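Hi,

Here is the model I promised to pass on. Have a look, and my notes follow below.

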Amino acid sequence: MSSNPVIIKVSGPLVVADHMAEAKMYEVVRVGAEGLIGEVIRLEDGKASIQVYEETAGIGPGEPVNLTGRTLSVELGPGLLESIYDGIQRPLKVLEDKSGHYLARGIDADGLDQSKKWDFKATAKAGDTVAGGDTLGTVQETSLIEHRVMVPADITEGKIESITSGSYNVTETIAKIKDQDGKVHEVMMRQFWSIRIPRTIKAKRVPDTPLKTGCRSIDMFFPLTKGGAACIPGPFGSGKTVTQQTLAKYCDAEVIVYIGCGERGNEMTEVLNEFPHLIDPNSGEPLMKRTIMIANTSNMPVAAREASVYTGITIAEYYRDMGYNVALMADSTSRWAEAMREISGRLEEMPGEEGYPAYLGSKTAEFYERAGAVECLGNEGRLGSLTVIGAVSPPGGDLSEPVSQNTLRVTKTYWGLDKKLSYQRHFPAINWLKSYSLYTPNIEQFHLENTAGDYWEVRSTALNLLQEEAKLDEIVRLVGSDALSVREKLVLLVSKSIREDYLYQDSFDTYDAFTVPVKQYQMLKTIVALYTEGLNIVDNEDMDFTVLETHEILSKIAKVKLIDAEDTQDFEALRGEIKDLMASLA
Ligand code: ADP
């Protein structure tokens, strides 16, 4: 009897093989006569359970399995930006060129173009002592991003024997480094990293700088930091994809990694068609010049979806390690969790809540913990950050389900998208009563120093008004608005303006889609002035409130978003008018 590794069972994306004593956990193997790409996820008594990243139909017992000795890794180096990959870093373009729209199986495709020449400029020199993470040189990867070629993390210390600027492809040696044991490492512009292991850093820092998204609801009320983690749950059609894409387009991260796991195939196709045409509003260049996309269309096997989030986050960490602020969007992580559930079911593991594996919580936590503001490896004191924004699509919008719950436990910002708001076409449909951010203490100082001394006061007055509005709405529904005092009527009037003139923001309107923080503050301060100045009139219970409700000042406030950020005097003038009006009504 042969003792070569051989398939004994095929169950969807899971293959069981015998004679696998030589294999290691998480080793990549080639499965069947076609050499499908798989990963060992369980080893027991010489039998291996293999998660296969390609369609397994037609593969059967008796076919061979070949070990590769490698773990599932990404190839890191110049050429990642502008790429669109499948879940295991095969460029979709290359796959399509090789096999057409219906993916053929067992196709090998390098993550990086191996023939492309890059202009490498050495910044280190022969004789320098270097260690993992130190910069050897740079490559202008795209017009927007300079790629830093770093010493691989596994070289703890060594001396550069040779290094030369010039034109190289990613597999040519750019430097030779002799380590302390006398071993000479030939360093190329590419390096590999196992996707399931976080990349090495020097230290984590407390994230203390806001990620500027330009979205008023987010930046002002439910902010995220550079290096933070956010969760966007919302039912179908509530705006998860639009929000993620708007953030990808406008947020002030330098590099974007977008992982798309579509609910339906055509949804992902839309993203794939649209994204390459988006223009970066800051530079006027195509957004792809600072973006990497990982796409899981619905015709792709479920296991590739499981791997895709790790592939994406490892690439994101690589750019973070160069000292960039990176933002990763995963849309939607519910599909990732479902992939985990399917594989776990086929492994016949003991199911946890709703059939998800018991380790759903720890896997989710491990994923979001890869976010952070960091001190990068290397001696240059580079600081980088990786912000992770995960969309969740709970069935029926019910947040008590396991994926939402586990995500909420580990993310500090929660933007709850609301079906009712999206029906009313109030966008972004972020529910201001339910959403929260635990990062506000981290960025308190930032806004006091950079935006305004009364920044937090203005914010909390506005939030309180919105909360009071919700209570008053209830009263109005029960007994009508006549029962309200003048102050309560004022609360309703100002809250309406906060919702309609401030929170409502159309992502497709190029002027309105992005508001700089200082303008966000000026806008909100002006609207809130209607309340603070209006407090002068509330003792006048006899006043005719319709005078205020129909006053032309309200239409001026409705246009406050049209005032440019630098025209501070225009905001002040409007606040002056509000003050005068209220004084006249008192
Ligand atoms: P989901 O991903 O939650 O299923 P989408 O992101 O596809 O939902 O949004 C559904 C629709 O809602 C969009 O096609 C768009 O018309 C509208 N929409 C969502 N968010 C916004 C926004 N911020 N500005 C304008 N329209 C929006």
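Predicted model: local features only at pLDDT ≥ 70, side-chain atom pairs only at ≥ 80, totals over all residues.

Residues are numbered from 1 along each chain as its sequence is written, and side-chain values use heavy atoms, with hydrogens and water left out.

Both of those strands belong to an open antiparallel sheet of 6 strands, in the order E1-E2-E5-E4-E3-E6. E1 (6-11) and E6 (65-71) are the edge strands with a single partner each, so one side of each has no neighbour in the sheet. From one strand to the next the twist averages 35 degrees, with axes as lines fitted to C-alpha atoms (for helices over the stretch in contact) and angles running from 0 to 180 degrees between N-to-C directions.

On the overall layout, the chain splits into domain 1 (6-71), domain 2 (76-99 + 202-441), domain 3 (118-189) and domain 4 (451-585). Those bounds come from an automatic or database domain assignment. Taken over C-alpha atoms, the centres of domain 3 and domain 4 are 57 Å apart.

How many of its residues are buried? The count is 7 of the 7, so E22 is largely enclosed by the rest of the structure. Buried here means under 20% relative accessible area, exposed means over 50%, and partly exposed is in between (1.4 Å probe, protein chains only). Asn 325, Ala 327, Met 329 and Asp 331 point one way from E22, while Val 326, Leu 328 and Ala 330 point the other way. E22 pairs in the parallel sense with E20 (residues 255-261) over 6 bridges, and also in the parallel sense with E24 (residues 383-392), again over 6 bridges. Ala 327 is a handy landmark: Ile 256 stands opposite Ala 327, and Thr 387 is the bridge partner of Ala 327 in E24.

Within E20 there is also Val 257, which counts as buried because its relative accessibility is 0%.

Now the ligand. It is surrounded by 14 residues, and the closest are Gly 237, Lys 240, Thr 241, Val 242 and Ser 507; a residue is near a molecule or strand if one of its heavy atoms lies within 4 Å of it. The distances to a ligand oxygen are:

- Gly 237, from a polar backbone atom: 2.7 Å
- Val 242, from a backbone N or O atom: 2.8 Å
- Gly 239, from a backbone N or O atom: 3.0 Å

Helix H3 (residues 240-250) is mostly covered, with 9 of its 11 residues buried. Lys 240 and Thr 243 are among them.

Helix H12 (residues 486-503) has 18 residues, which should span 26 Å at 1.5 Å a residue, and its end C-alpha atoms are 24 Å apart, which agrees. That expected span is 1.5 Å times one less than the number of residues. Of the 18 residues in H12, 13 are buried, so H12 is largely enclosed by the rest of the structure.

Thr 142, in the loop between E11 (135-140) and E12 (146-150), is buried at 5% relative accessible area, and its side chain reaches the backbone oxygen of Lys 289 at 2.8 Å. Gly 77 lies in the loop between E7 (73-76) and E8 (84-85) and is buried at 0%. Its C-alpha is 8.9 Å from that of Met 188, 111 residues away along the chain.

Cheers

Note on methods
Helix = DSSP H or I, 4+ residues; strand = E, 2+ residues; numbered from the N terminus. Pairing = 2+ DSSP bridges. Polar contact = N/O pair within 3.5 Å; in protein donor to acceptor, adjacent residues only side chain to side chain.
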